[in-house]
Amino acid sequence: MFPDLHVTTGIIGSVVCFLLYAAPILTFRRVIKKGSVEEYSCIPYILTLFSSLTYTWYGLPVVSSGWENWTLSGISSLGVLFESTFISIYIWFAPREKKKLVMMMVSPILIIFGMAVFFSIFSFHTHQMRKVFVGSIGLVASILMYGSPLVAVKQVIRTKSVEFMPFYLSLFSFLTSLLWLLYGLLGKDPFLTAPSFIGCLMGILQLVVYCIYSKCKEAPKTNPDIEQADELKVVTSQDNTKGQKP
């Protein structure tokens with residue numbers, strides 16, 4: 001029964017993780033519609049790509065023993081597809097400076113992943129050693145991924161607006177972390193448990209910040225020059241009215 005619970009948790013976690021990966025579709029629909037990335041950051045998608053690549057490889061029989069982590073590998077490979085698409089759209093609509101920044105971040109991630117695959121195949125010859133090596137890289141990648149929304153949290157606090165931190169993205173991030181935490185505990189896998197625990201904390205932080213600042217309504221900004229011009233028009237109008245009286 002215990003292995004069945006482990007697999008069932010992995011399947012449920014995969015479903016919720018799919019919703020997490022699909023959540024930015026609405027964001028990029030807006031990007032395509034407006035033809036601009038506005039104030040959105042690409043960092044969370046780049047780090048999620050890194051994590052997805054690593055755990056896709058981690059879950060394959062080359063690293064894990066058999067298909068014990070097939071649910072993890074399957075949903076992570078889908079994550080690679082989603083994140084690659086989002087990053088491509090971002091690059092297409094981003095200004096030149098942001099395009100360069102994104103390419104400078106994506107390139108080393110792909111190089112590191114390629115080196116991880118190479119060394120795990122040719123330098124380590126047991127599943128346990130490969131799991132420790134790839135899992136350590138995945139641990140770092142996941143912590144960076146779960147920490148990346150802090151960029152959005154900082155922006156929310158600065159602007160007092162949750163416009164660029166979607167609620168569903170924060171919610172699914174928390175639920176995904178919670179389920180993979182349970183999956184890691186059932187499978188006694190520290191390389192899943194540790195980053196998922198941090199992900200839970202980050203998810204709670206995002207939800208709390210969202211609840212606080214979603215109630216804040218920023219006062220509409222006015223241009224002082226326009227206000228002065230309007231006042232001048234009112235004064236002039238009053239003087240003309242007085243001049244017309246007998």
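Guide: Let me begin with a definition: helices are DSSP runs of H or I with at least four residues, numbered from the N terminus. The model is a predicted one, and its chain holds 10 helices and zero strands.

Visitor: What is the place of Phe122 in that numbering?

Guide: Phe122 belongs to helix H5, which covers residues 96-122.

Visitor: Why is Phe122 called exposed?

Guide: The label exposed asks for over 50% relative accessible area, and Phe122 has 54%, so the residue counts as exposed. Phe122 also takes part in a nonpolar surface patch of about 630 Å², made together with Val62, Ile111, Met115, Phe118, Phe119 and Ile121.

Visitor: What makes Cys42 buried, and what makes Cys211 partly exposed?

Guide: Buried means under 20% and partly exposed runs from there up to the exposed limit of 50%; Cys42, at 5%, is therefore buried, while Cys211, at 44%, is therefore partly exposed. As for disulfides, which require two cysteine sulfur atoms within 2.5 Å, the count is zero.

Visitor: How many aromatic pairs does a search of the whole structure find?

Guide: The search finds 15 aromatic pairs. In one of them, Phe18 and Phe82 have ring centres 5.7 Å apart and planes at 70°.

Visitor: Why is the pair of Phe18 and Phe82 called edge-to-face?

Guide: Rings pair if their centres lie within 6.5 Å, and planes over 60 degrees apart count as edge-to-face; with 5.7 Å between the centres and 70° between the planes, Phe18 and Phe82 meet both conditions, so the pair is edge-to-face. This pair links distant parts of the chain, since Phe18 sits in helix H1 (residues 2-22) and Phe82 in helix H4 (residues 70-93), 64 residues apart. Phe18 is partly exposed at 34% relative accessibility, whereas Phe82 is buried at 16%.

Visitor: What makes Tyr55 and Tyr58 an edge-to-face pair?

Guide: Their ring centres are 5.6 Å apart and their planes stand at 75°, and the limits are again 6.5 Å for the centres and 60 degrees for the planes, so Tyr55 and Tyr58 form an edge-to-face pair. Both tyrosines lie in helix H3 (residues 43-59), three residues apart, about one turn of the helix, and both are buried. Elsewhere, ring pairs link Phe18, Tyr21, Phe28, Tyr45, Phe82 and Phe86 into a cluster.

Visitor: How do you know that Lys131 and Glu68 form a salt bridge?

Guide: The rule asks for a side-chain nitrogen of Lys or Arg within 4 Å of a carboxyl oxygen of Asp or Glu; the closest N and O atoms of Lys131 and Glu68 are 3.2 Å apart, and the pair is counted as a salt bridge. Lys131 lies in helix H6 (residues 127-147) and Glu68 in the loop between H3 and H4, so this pair ties together parts that are 63 residues apart in sequence. Lys131 is buried at 15% relative accessibility, and Glu68 is partly exposed at 36%.

Visitor: Which residues are linked in a network of salt bridges?

Guide: Arg30, Lys34 and Glu38 are linked in such a network. Arg30 and Glu38 meet at 2.8 Å, N to O, and Lys34 and Glu38 have their closest N and O atoms 3.5 Å apart.

Notes: Residues numbered from 1 in each chain as written. Predicted model: local features only at pLDDT ≥ 70, side-chain atom pairs only at ≥ 80, totals over all residues. Heavy atoms only, no water. Buried < 20%, exposed > 50% of the residue type's maximum accessible area, 1.4 Å probe, protein only. Patch = residues over 30% accessible without salt bridge, like charges linked within 9 Å, V, L, I, M, F, W, Y side chains within 5 Å. Areas by Shrake-Rupley, 256 points an atom, 1.4 Å probe, with all protein chains shown as cover. Helix = DSSP H or I, 4+ residues; strand = E, 2+ residues; numbered from the N terminus. Phe/Tyr/Trp six-rings, centres within 6.5 Å; stacked < 30°, edge-to-face > 60°.
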